[in-house]
Amino acid sequence: MTLLSPAERSYLRDSLTASPIIRPDSRTPHQFRPIEAKTSFLSSSNGSARVRLIDGSECIVSVKAKVVDLASVSNLVEVDIDVDSFRDDSNFVTNLKFHILNSLANFPSTVLKLTTKYGYKLFIDVIVTSHSSYPLTLISLATYLALKTARLPKLVSEVNDEEIAEQPTFADDWAESTLIQDLLDAPFQPPVLITLGIIGNNIIFDPSIEEEQIIDNSLVIGFYNGRVITPINTISLSSISNGVNSIVLVKALELGNKYGGMVVKALDTLIEQDIDDENIF
Amino acid sequence: MDITEVISITKPQSSSQYNNIDESNDDSDIEMGESSAGGASAGIVTPGELITEDPIWMKGHGTYFLNDSTYSSVAGSVSRVNRLLSVIPLRGRYSPETGDHIVGRITEVANKRWKVDIGTRQDAVLMLGSVNLPGGILRRKSESDELQMRNFLKEGDLLNCEVQTIFSNGIASLHTRSLKYGKLRNGIFLKVPSSLIVKSKNHAYDLPGSVSVILGSNGYIWLHKTLANTSTTTTVNQNAAKIQGRDYAPGQGSISITRLEEESSWEIYSDQNDPNITSSTRSNISRYYNVIKALAYGELGITEQRVILGYEASLAYSNIGSLIDRESMEQICQEVLNSEKMRG
């Protein structure tokens with residue numbers, strides 16, 4: 001990580017605490033960096049997504065489903081994160097994993113049950129090939145895309161195995177596979193995690209690496225079903241860590257409620273475009 | 001409200017779109033290739049490509065020799081100087097040359113020297129003897145200076161300097177022995193690939209909108225507020241005024257010159273920014289930041305003229321934040337090229 005000089009720090013701090021906020025790349029406070037994304041590009045996994053920023057930060061997520069004996073597993077969703085140049089047991093990776101897993105706590109796991117004995121277990125594998133700023137938002141957006149486009153094969157065997165033991169068998173035709181969305185009555189919306197930077201009384205979305213080093217504190221908020229959800233965590237991205245003022249916290253939640261929907265909408269639009277493209281061929 | 005004002009998520013661009021841009025800036029690439037290859041460029045080679053089977057050529061940088069044939073070890077343009085054959089890489093780390101005006105960041109304070117990150121393979125060194133110290137140019141470096149080196153420059157500090165020499169092991173030695181060099185304040189830093197910086201006589205420019213830029217040859221760029229006037233000239237003028245106001249005694253002027261210089265010299269190592277940077281200057285700096293990023297994205301060589309043309313083109317965007325989108329960046333590059341063509 002590059003260290004900023006004291007003059008740079010104070011210049012950036014003055015710019016970010018000013019009103020209106022002037023960010024180094026002149027984004028508005030609630031503007032994310034532009035993202036390029038692609039879904040369903042790994043043929044060997046049930047769902048996949050690739051998200052990258054223009055600076056080269058990139059995250060690849062694959063969702064794989066495996067039939068397991070329900071009695072032998074404790075949870076049906078497992079997340080594994082691999083970040084370039086970080087050990088798997090490092091604090092950094094463990095924290096990312098915790099945030100993602102935590103956000104998926106309300107995953108509708110009933111759809112994963114095939115019979116009373118067997119069910120799918122989802123393995124969400126995340127690779128961050130390169131990153132400059134804290135990659136949580138990137139991972140979360142990619143996970144959202146991968147889960148939304150994940151297809152599960154159609155079960156052709158009996159659902160009821162209470163009297164006669166039944167091994168689940170599946171249709172050979174991939175065209176008959178279904179999205180998780182179609183198995184649910186309600187719309188399927190995995191939560192999206194948004195990183196907010198707090199500096200003075202100002203709040204910035206998606207802080208860049210330079211901004212990360214001078215902000216007072218950062219918040220991770222979940223956005224689900226049209227509003228901000230708990231847990232709301234603070235994380236420290238730099239050596240500075242000041243407390244969070246309650247007024248700022250309320251403001252952060254308001255902004256989250258206001259703009260979170262846009263992020264979800266943009267992601268959904270991309271999924272639709274990708275599905276349309278697939279239908280052409 | 002438009003979604004793109006919050007987030008823009010697009011599909012990855014296809015390679016054909018990208019090639020279009022490349023074609024349009026072909027002329028600039030050739031121009032750069034020629035200047036760096038000394039007018040003897042002969043096409044582009046890729047790693048492992050056979051350059052010549054003739055063993056009379058001497059192998060230079062970026063080549064390797066196998067069974068009497070010379071192959072390229074990097075992707076770049078071939079340069080032939082007399083019998084010396086070398087390949088100048090298109091991308092890669094900056095290779096310093098004596099006299100380059102560069103921007104660097106201190107990484108380490110060592111014995112009588114600072115280590116400076118300038119984007120080369122090995123960190124450059126800045127000797128204690130190669131900087132201006134408070135107290136004037138003629139002062140000798142004492143032990144107390146060695147002890148308080150962190151008061152001048154410490155880890156993380158940015159400075160602009162010049163490459164003095166390259167040691168035989170490839171490490172660059174820097175100096176800041178001029179009033180135009182020294183610590184950087186009042187602005188922001190950005191990096192572009194060093195191959196995009198076109199070498200010229202001058203690398204520090206004043207731009208429209210009271211913003212100045214230092215385009216370091218190593219691809220490190222500093223955008224800052226234009227200073228009203230340099231402190232040195234004011235020092236001398238103030239001094240002259242003082243002398244005129246009083247009865248002149250021999251030696252008096254020179255003493256006060258030294259003292260004033262002593263007082264002002266500490267300013268060159270100050271970490272304090274100018275307290276009066278207006279928000280319009282700040283947003284202009286951000287605008288230039290995005291323009292330079294856009295030029296780098298379009299792989300255009302970065303020159304003073306192009307930065308200014310890009311700035312003028314960017315004025316069409318009232319919302320500067322939209323400049324970070326891919327389309328806007330391509331648009332800016334296109335407009336810069338168009339206006340260059342019109343001006344000839």
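Colleague: Which residue of S6(B) stands opposite Thr52(B)?

Modeller: Thr52(B) faces Thr70(B) in S6(B). This is a predicted model, in which local features need pLDDT of at least 70, side-chain atom pairs count only at pLDDT 80 or more, and totals for chains, interfaces and linings use all residues. Residues are numbered from 1 along each chain as its sequence is written, chains are lettered from A and ligands numbered from 1 in the order in which they are written, and side-chain values use heavy atoms, with hydrogens and water left out.

Colleague: Why are S3(B) and S6(B) said to pair?

Modeller: Two strands pair if DSSP finds at least two bridges between them. Strands themselves are DSSP runs of E with at least two residues, helices are runs of H or I with at least four, and both are numbered from the N terminus.

Colleague: What makes S3 and S5 of chain B edge strands?

Modeller: The open sheet has three strands in the order S3-S6-S5 (chain B), paired antiparallel. S3 (50-52) and S5 (63-66) of chain B each have a single partner strand, so one side of each lacks a neighbour in the sheet. The twist averages 40° from one strand to the next.

Colleague: How do you know that S9(B) is mostly covered?

Modeller: Buried means under 20% relative accessible area, exposed over 50%, and partly exposed in between, with a 1.4 Å probe and protein chains only. Seven of the 10 residues of S9(B), residues 101-110, are buried, so the strand is described as mostly covered.

Colleague: Which strands pair with S9(B), and over how many bridges?

Modeller: Five bridges join S9(B) to S12(B), residues 158-166, in an antiparallel arrangement; there, Arg105(B) has Leu158(B) as its bridge partner. S9(B) also pairs antiparallel with S10(B), residues 113-117, over five bridges, and Ala110(B) stands opposite Arg113(B). In the hairpin of S9(B) and S10(B), two residues lie between the strands, and Lys112(B) takes a positive phi near 60°.

Colleague: What does the record assign to chain A?

Modeller: An unreviewed UniProt entry annotates "domain: Exoribonuclease phosphorolytic" over residues 31-153 and 190-226 of chain A. Such annotations may be inferred rather than shown by experiment. Residues 31-153 of chain A are 22% helix and 37% strand, whereas residues 190-226 of chain A are 11% helix and 54% strand.

Terms used: Axes fitted to C-alpha atoms, helices over the stretch in contact; angles between N-to-C directions.
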